[in-house]
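Good morning, and thank you for coming.

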Amino acid sequence: MNSLSTKHLLGIEPLTPEDIQMIFQVADNFKDIINRPIKKVPTLRDITIANLFFENSTRTKLSFELAEKRLSADVVNFSAASSSVKKGETLIDTVNNILAMKVDMVVMRHPSPGAAVFLSKHIDSVIINAGDGTHEHPTQALLDGYSIREKLGEVKGKKVVIVGDILHSRVALSNIHCLQKLGAEVKVCGPLTLMPKYIESLGVEVETNLKKALEWCDVANMLRIQHERQEIKHFPSLKEYTLQYGLTQEILDSLNKEIVIMHPGPINRGVEISSEIADSNNSIILNQVENGVAIRMAVIYLLAGKI
Amino acid sequence: MSLTEREILNETEINILISRLTRQLIENHNLFENSVLIGVQPRGIYVATRLQQKLKELSGIEVTTGAIDTTFFRDDFRRKDKPLLPSVTNLDFSIESKRIILVDDVLFSGRTVRAAMDALMTYGRPASIELLVLVDRRFSRNLPIEANYVGKFIDTLSNERVEVEWKEIEGTDKVILIKK
């Protein structure tokens, strides 16, 4: 077996554990390539990829674009802010117009959950979901799992706690699926108002005490509070959230073990994580960013083979 | 369709070829001060390892040896049903200004060698690249590529396949010709 079980990357949920391992294995090669003097391979020189970003992004967009360019694909970029979407064009029309210009693959971020799945049903092109609302962000989960594997040797049997705004986080959902498929144990931690209603049905335990969660885990993945998706107040004040769920040197010192600290970015320093922790040796935040390019190259490479 | 297999080289014969190739390399590279062996993944690495061992046996020289993967430089991506899964590239030394001896098991169309040379160039600018192959299927080249050192020339038809088996994987060293 040397091919993914799926034509698109719409989420982690449809992937098999073998798919994920295959992506990791190919990413190892790309990680080697992006550390060479010449960071580029000619593999996808006959492929054109459109990056459609209907929602703001810095890291993911740059990371995808770099991954595409290092595979020698031609890249066109599109962001909703400066497009005809503002003039009333529908999603399918926008994408069909772009595909009419002979684009082979679409990388899309969209504020609506399910946008990528919807598109895959109506459009004849390979689709990579770069984040759809509060639903999934598969490449982030893959790079998170890959970074844990790199740091701790393997993901299987590891205990991972995801801390923060689980309710509005696509990173959390994709991470839960990915880590469980790889055999890790997952807990979520945060105020109950930021927990989705049926989270336990995913086989995930909820812990409201940060210290207890940290004592249990090998890896803590700290999430940002997603103010842009919150219509009501879920906790009294940011200051109070930081006091209860902010990761500080003090609380890490009180544990009698070392844990790995992750964050998908963007970091709000002094809110969910203190500056000294974010910059400490236990933090693999920048490794995550580096691995992001290798993982996205692997996903694009494996899916491009199916065009 | 039935497959028929014929053994072309056995373990002893392969060993004789490796000895001869090693001596030819010594003739051209003397003490190997600035020369390195690089095996082409996935199967050229076993030839490279044997040359390395034989060189140590014959002259006590420990030559630097690496492996190069050609997957992302191939010209048949998307022309096959499934994407090729890459192997490991292992070059923990600089190839800048080195004399490279590229090593593979079988030379056929020449396309893999072209890809390997392109892959190598992304690591730097070697002084020169030579090609060593255990088996050369002559008269079947698609590209203007020839080997500097050849273990054995064989004439084959297009419906035949040459496979080299190694102790490390298949249990014995031998070269077989398979007819479809």
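Let me begin with chain B, where three strands form an open, antiparallel sheet in the order E1-E8-E7. Its edges are strand E1 (4-9) and strand E7 (160-165) of chain B, each of which pairs on one side only. From one strand to the next, the twist averages 25 degrees. Please bear in mind throughout that this is a predicted model.

Within that sheet, E7(B) pairs with strand E8 (residues 174-179) of chain B over six bridges, in the antiparallel sense.

I now move to chain A. Here four strands make an open sheet with parallel pairing, in the order E2-E1-E3-E4. Strand E2 (74-79) and strand E4 (126-132) of chain A each have a single partner strand, so one side of each is left without a neighbour in the sheet. Neighbouring strands of this sheet are turned against each other by 15 degrees on average, with direction ignored. Strand E3 (residues 105-110) of chain A joins E4(A) through five bridges, in the parallel sense, and A:Met105 has A:Val126 in E4(A) as its bridge partner.

The next element is strand E8 (residues 219-222) of chain A. Which residues point which way from this strand? A:Val219 and A:Asn221 point one way, A:Ala220 and A:Met222 the other, and all are buried. E8(A) pairs in the parallel sense with strand E5 (residues 159-163) of chain A over four bridges, and A:Val161 stands opposite A:Ala220. E8(A) also runs parallel to strand E9 (residues 260-262) of chain A, to which three bridges join it. There, A:Met262 in E9(A) is the bridge partner of A:Asn221.

Leaving aside neighbours within four places in sequence, A:Ala220 is in contact with A:Val161, A:Val163, A:Leu214, A:Leu247, A:Ile259, A:Ile261 and A:Met262.

In soluble globular proteins, nonpolar side chains tend to be buried together. In this model, the largest nonpolar core has 131 residues, and those touching the most other members are A:Ile23, A:Ala220, A:Ala298, A:Leu303 and B:Val103. Which element supplies the largest share of this core? Helix H11 (residues 285-304) of chain A does, with eleven residues. The core also draws at least three residues from each of domain 1 (17-136 + 289-304) and domain 2 (138-284) of chain A.

Let me now consider those two domains of chain A. Their centres, taken over C-alpha atoms, are separated by 26 Å.

Finally, I come to the contact between the chains. It takes 17 residues from chain A and 13 residues from chain B. The side of chain B that touches chain A consists of seven nonpolar, three polar and three charged residues.

Thank you; I shall be glad to take questions.

Terms used. Residues numbered from 1 in each chain as written. Chains lettered and ligands numbered in written order. Predicted model: local features only at pLDDT ≥ 70, side-chain atom pairs only at ≥ 80, totals over all residues. Contact = placed C-beta atoms within 7 Å. Nonpolar A, V, L, I, M, F, W, Y, C, P; charged D, E, K, R; others polar. Buried ≥ 20, exposed ≤ 12 C-beta atoms within 10 Å, placed from the backbone. Helix = DSSP H or I, 4+ residues; strand = E, 2+ residues; numbered from the N terminus. Pairing = 2+ DSSP bridges. Axes fitted to C-alpha atoms, helices over the stretch in contact; angles between N-to-C directions. Core = buried A, V, L, I, M, F, W, Y, C linked by C-beta atoms within 7 Å. Domains from an automatic or database assignment.
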